[in-house]
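Please read this briefing beside the sequence and the 3D view.

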Amino acid sequence: MMKKMKILIILFLVIKGTSAQSCKEGSVEHDHLGQRRTCRGGKWSAPCRVRREWNGMLPGERYRFISTLKKASTRSDYRNLVIRHTKQFSNIHNNRQFLPWHRWYLLQMENILRKVDPIVTVPYWDWSLWSGAPWLDKVMSTWSNAPWGLGSNGGRDGCVYNGPFGKRHFTLTSGGCLKRNFNGNPPDCIAVHKCLRILSNKFTDFEMTLRDTLHNNMHCRIGGRGGTMCSRQSANAPEFLLHHAFTDKLWSDWQKKGTRYKNAYFPGTIYLYGVSPRLRPLNLMDLSRQPGGVCVTYDDPPHENYKLCHEQLASLSLAEIDAIPRQKFTRLSSLEFDLFMTRKREKAQVNREMNDLEPKHVLSKSTKLNSQDNQLGFKAEDVKEAIKRKKKKREEIIMKSNFH
């Protein structure tokens, strides 16, 4: 009798343990640290840190990040990491280092932030969705002076005086003030979409387009001449993290297109510059398996413009996309080329890339734009009309083939 009872108890515990591990396929849950787990094959995946788009976060969530960042900025590990980026600037912005090194940097900074607040992750700002109006400083805008905003433009001396990172509330590792000199318009989401269309066997082109034409451009649109973001001290700026997280997300989005995209990189033995213990780009390629066993994922922006720019544009050919009239964005100049030490031969390639991403048909200045169009830098209706024309053309072809 006692033997049977023991067997029943063991069976009960086994069944209970199994049911606790089982889950509904595709279901999602979050742990006490805000990490996401997804049910795959009846089992929960490893917990994953979720990085979200700045404009999709609630004011309280933004404030929590800002408060955490300001507290972290007084720590020695934070300051040492920022100073490392400054000192190693010349060695980490070449094609073989740039993407994995900055992915590693984001992870290290996020680890530091989570020592202050274990729920916080690094957010990103998809500035391409705001190409037509990037410098809005309304109460819920990126550059709001509210406690949940990054603060506005710099004054006559370049220093930021308003918002959480104003001169009285925030200093650089060098002891100076945060400086901004907003100027021009960054590349739009059509330019970003075209970058993501580059094929897996052209990783060199993809990397250069992402690094030079997109990443370098936005650094100096925010910083301008004399600004923090357009200098070797750029890692001091809070927006540096949001900008680099967006750059990293674009690499991740490209990697998600397939195995050949995920593993595409330069040949040869490469080690991340100045990183100890030594790491290779291979160690950073998979976001779900980052150093230290960390899993990271990026949520797409909930903004309606994001679906328009990527899901809807995906149905059009590049020629059809190029037919859409758009506002011009600001081209790279000697300001960016000098800062990021672009070589003469590479400049020629970057200029060709810019020509490819720029609008082939420029939107007339007299064109009336609604608020959505003004943000995008082109008319959303033009995209929808292009999709309608393509659908109609397909239907006509099908009808003709059925007739014959």
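**Cysteine pairing and its setting**

When the bonded cysteines of the protein are numbered in sequence order, the pairing reads 1-2, 3-9, 4-5, 6-10, 7-8. The model is a predicted one, and the count of disulfides in it comes to 5.

**Disulfides**

- Cys23 is joined to Cys39 by a disulfide with an S to S distance of 2.1 Å, and this link is right-handed, with 90 degrees about the S-S bond. Cys23 lies in the loop between helix H1 (2-21) and strand S1 (28-30), while Cys39 lies in strand S2 (residues 36-40), so the pair ties together parts that are 16 residues apart in sequence. Both Cys23 and Cys39 are buried.
- Cys159 and Cys177 form a disulfide in which the sulfur atoms are 1.9 Å apart, and the link is left-handed, with -65 degrees about the S-S bond. Cys159 and Cys177 each lie in the loop between helix H4 (98-116) and helix H5 (189-196), 18 residues apart, and both of these cysteines are buried.
- Cys220 and Cys230 form a disulfide with their sulfur atoms 2.0 Å apart, and the torsion about its S-S bond is about 80 degrees, so the disulfide is right-handed. Cys220 lies in helix H6 and Cys230 in the loop between H6 and helix H7 (238-255), so the pair ties together parts that are 10 residues apart in sequence.
- Cys220 counts as buried at 0% relative accessibility, and Cys230 is buried too, with a relative accessible area of 10%.

**A cysteine too far for a bond**

- The sulfur of Cys195 has its closest cysteine sulfur in Cys189, and because the distance is 13 Å, it is too far for a bond. Cys195 counts as buried, at 2% relative accessibility.

**Overall build**

- The protein has 14 helices and 5 strands. Its radius of gyration is 24 Å, close to the 22 Å that the globule rule gives for 404 residues, so the protein is as compact as a globular protein of that length.
- Buried residues make up 49% of the 404 residues, and among contacts between residues at least 6 apart in sequence, 70% join residues at least 24 apart.

**Single sites**

- Asp212, found in helix H6 (residues 203-223), counts as buried at 1% relative accessibility, and its side chain makes a polar contact with the side chain of Asn216 at 3.0 Å.
- UniProt, in an unreviewed entry, lists residues 93-110 for "domain: Tyrosinase copper-binding"; the span is 72% helix and 0% strand, and its end C-alpha atoms lie 21 Å apart.

Conventions:
Residues are numbered from 1 along each chain as its sequence is written. Side-chain values use heavy atoms; hydrogens and water are left out. UniProt positions are given in the numbering used here, feature names are shortened, and annotations may be inferred rather than shown by experiment. Helices (H or I, at least four residues) and strands (E, at least two) are DSSP runs, numbered from the N terminus. Buried means under 20% relative accessible area, exposed over 50%, partly exposed in between (1.4 Å probe, protein chains only). A polar contact is a pair of N or O atoms within 3.5 Å; within protein, one must be able to donate a hydrogen and the other to accept it, and residues adjacent in sequence count only if both atoms are side-chain atoms. The radius of gyration is taken over C-alpha atoms; the globule rule is 2.2 Å times the number of residues to the power 0.38. Contact means heavy atoms within 4.5 Å. A disulfide is a pair of cysteine sulfur atoms within 2.5 Å.
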